[in-house]
Amino acid sequence: MTTPFVALESTVISHGLPYPRNLQLAQEMEAIIRGQGAHPKTVGIIAGEMIAGLTPAQIEHLATAPNVRKVSRRDLPIVAARQEDGATTVATTMWIAARAGVEVFATGGIGGIHRHGGVGTSSDVSADLQELAQTGVIVVCAGAKAILDLPATLEYLETHGVTVIGYGTDDFPAFYSRRSGLPVDVRCDSPAEVAAIWQAKRELGLPGGLLVTVPVPAEDEIPAAEIEPAIEQAVAEAANRGLRSAEVTPFLLTRIAELTGERSLRANLALLKNNARVAAEIALAVGAPTPSQHP
Ligand code: PSU
Ligand code: MN
């Protein structure tokens, strides 16, 4: 029986939320996972060392230190060689978690393909998608923000063989909004159903992860029609500033939070905590012996 670990990312701590909410949230997610009987492992990079299971002091450091690098896959050799600190994205959290034997990971939203004609070009494709295609971790998230081209993002996942599960939904969630109008590949209504698909994927020898998408709790949802004007404004501003590469996502996230105020922060915190709980339940189900293994 595998130990029920749940990985957590650190880009959301260093770049995704304002202090002190970021630090409180990081601590709350760990507490929620422990409360479910699983073990949290917050992932980050300290002085070039890739760590799954940061100490409370290390988490506080990443929540407060200025200019912590946002580390995607291409940045790993840089921070390792230069012994820098780094906040890990979904891609690098998956990579470090997998090497540490952690199979389940809770986050807020994954990166994806940016909207065409907005910032840069539609060739801005998050490394998160490629990581899902190749690294064997179950990623529990609230879908992807509508700052992205969601149909193109789902097409990419399909092409690269990533199964997209709707947890209690048939509709791919759009982070602040419970629905995007786009279908998921399969709906699961329990942790055991997710664990069964994961086990089948493993037995078939298929590489890569699973994407489990959980809608934001209904009381904290911001309907798509209300959030869309803020998204369009943020995307236009990013384009006007000529932002590129890793700068784009943090700028859009910060700007939308400013434009929509406390409400988007509340939705963000609520969905992160909800995802921690669901991920812990899935980790327990994945770790549990199944009837076919133990007849
Ligand atoms: N989407 C969110 N919140 C986040 C991120 C994405 O709603 O905090 C972060 C995650 O760490 C994700 C990263 O892995 O941004 C994607 O950045 P990029 O698009 O540069 O790959
Ligand atoms: Mn990008």
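Is threonine 88 buried or exposed? I looked this up before anything else. Threonine 88 is buried, because its relative accessible area is 0%. I am working from a predicted model, and I keep that in mind for every entry below.

**Entry 1. Threonine 88**

I placed threonine 88 in strand S5, which covers residues 86–88.

**Entry 2. Ligand 1**

Which residues surround ligand 1? I listed Glu9, Thr11, Lys70, Thr89, Val90, Gly109, Ser126, Asp128, Lys145, Phe175, Thr249 and Leu253. Sorted by class, this shell holds 5 polar, 4 charged and 3 nonpolar residues.

I looked next at side-chain contacts to oxygen atoms of the ligand. Glutamate 9 has a polar side-chain atom 2.8 Å from an oxygen atom of ligand 1. For serine 126, I noted a polar side-chain atom at 2.7 Å from a ligand oxygen. For lysine 145, an N or O atom of the side chain is 2.5 Å from an oxygen atom of ligand 1. I also took down the areas: ligand 1 taken alone exposes 480 Å², and the protein buries 93% of that.

**Entry 3. Cysteines**

How many disulfides does the count give? I got 0 disulfides. Cysteine 141 is in no disulfide, and the nearest cysteine sulfur, in cysteine 188, is 14 Å away. Seen from the other end, the sulfur of cysteine 188 has its closest cysteine sulfur in cysteine 141, and 14 Å is too far for a bond. The cut-off for a disulfide is a sulfur pair within 2.5 Å.

I checked burial for both residues. Cysteine 141 counts as buried because its relative accessibility is 0%. Cysteine 188 is also buried, with a relative accessible area of 1%.

**Entry 4. Strand S1 and its partners**

I followed strand S1, residues 5–8, to its neighbours. S1 pairs with strand S2, residues 39–46, in the parallel sense over 4 bridges.

What stands opposite leucine 8 in S2? I found threonine 42 there. In S6, the bridge partner of leucine 8 is alanine 106.

Strand S10 spans residues 210–213, and I found both of its faces covered. Leu210 and Val212 lie on one side, Leu211 and Thr213 lie on the other, and all are buried. As background, side chains in a regular strand alternate between the two faces of the sheet.

I then went through the pairings of S10. Strand S7, residues 138–141, pairs with S10 in the parallel sense over 4 bridges. In this pairing, valine 139 stands opposite leucine 211. Strand S8, residues 163–167, pairs with S10 in the parallel sense, again over 4 bridges. Here isoleucine 165 has valine 212 of S10 as its bridge partner.

**Entry 5. Asparagine 22**

Where does asparagine 22 lie? I located asparagine 22 in helix H2, residues 21–35. Asparagine 22 counts as buried because its relative accessible area is 2%. I also noted a contact of its side chain: a polar atom of asparagine 22 lies 3.0 Å from the backbone oxygen of alanine 63.

**Entry 6. Backbone exceptions**

Most residues other than glycine have a negative phi, and most peptide bonds are trans.

- Tyrosine 19 and proline 20 are joined by a cis peptide bond, with omega about 5 degrees. I found proline 20 in the loop between helix H1 (11–16) and H2.
- Asparagine 67 has a positive phi, near 60 degrees. It sits in the loop between helix H3 (56–64) and strand S4 (69–71). Asparagine 67 is exposed, because its relative accessible area is 78%.
- Serine 245 has a positive phi, near 55 degrees. I placed serine 245 in the loop between helix H9 (224–241) and helix H10 (248–260). At 40% relative accessibility, serine 245 counts as partly exposed.

Key
Residues are numbered from 1 along each chain as its sequence is written. Chains are lettered from A and ligands numbered from 1 in the order in which they are written. This is a predicted model: local features need pLDDT of at least 70, side-chain atom pairs count only at pLDDT 80 or more; totals for chains, interfaces and linings use all residues. Side-chain values use heavy atoms; hydrogens and water are left out. A residue is near a molecule or strand if one of its heavy atoms lies within 4 Å of it. A polar contact is a pair of N or O atoms within 3.5 Å; within protein, one must be able to donate a hydrogen and the other to accept it, and residues adjacent in sequence count only if both atoms are side-chain atoms. Accessible areas come from the Shrake-Rupley method with a 1.4 Å probe; for residues, only the protein chains shown count as cover. Ala, Val, Leu, Ile, Met, Phe, Trp, Tyr, Cys and Pro count as nonpolar, Asp, Glu, Lys and Arg as charged, and the others, Gly among them, as polar. Buried means under 20% relative accessible area, exposed over 50%, partly exposed in between (1.4 Å probe, protein chains only). Two strands pair if DSSP finds at least two bridges between them. Helices (H or I, at least four residues) and strands (E, at least two) are DSSP runs, numbered from the N terminus.
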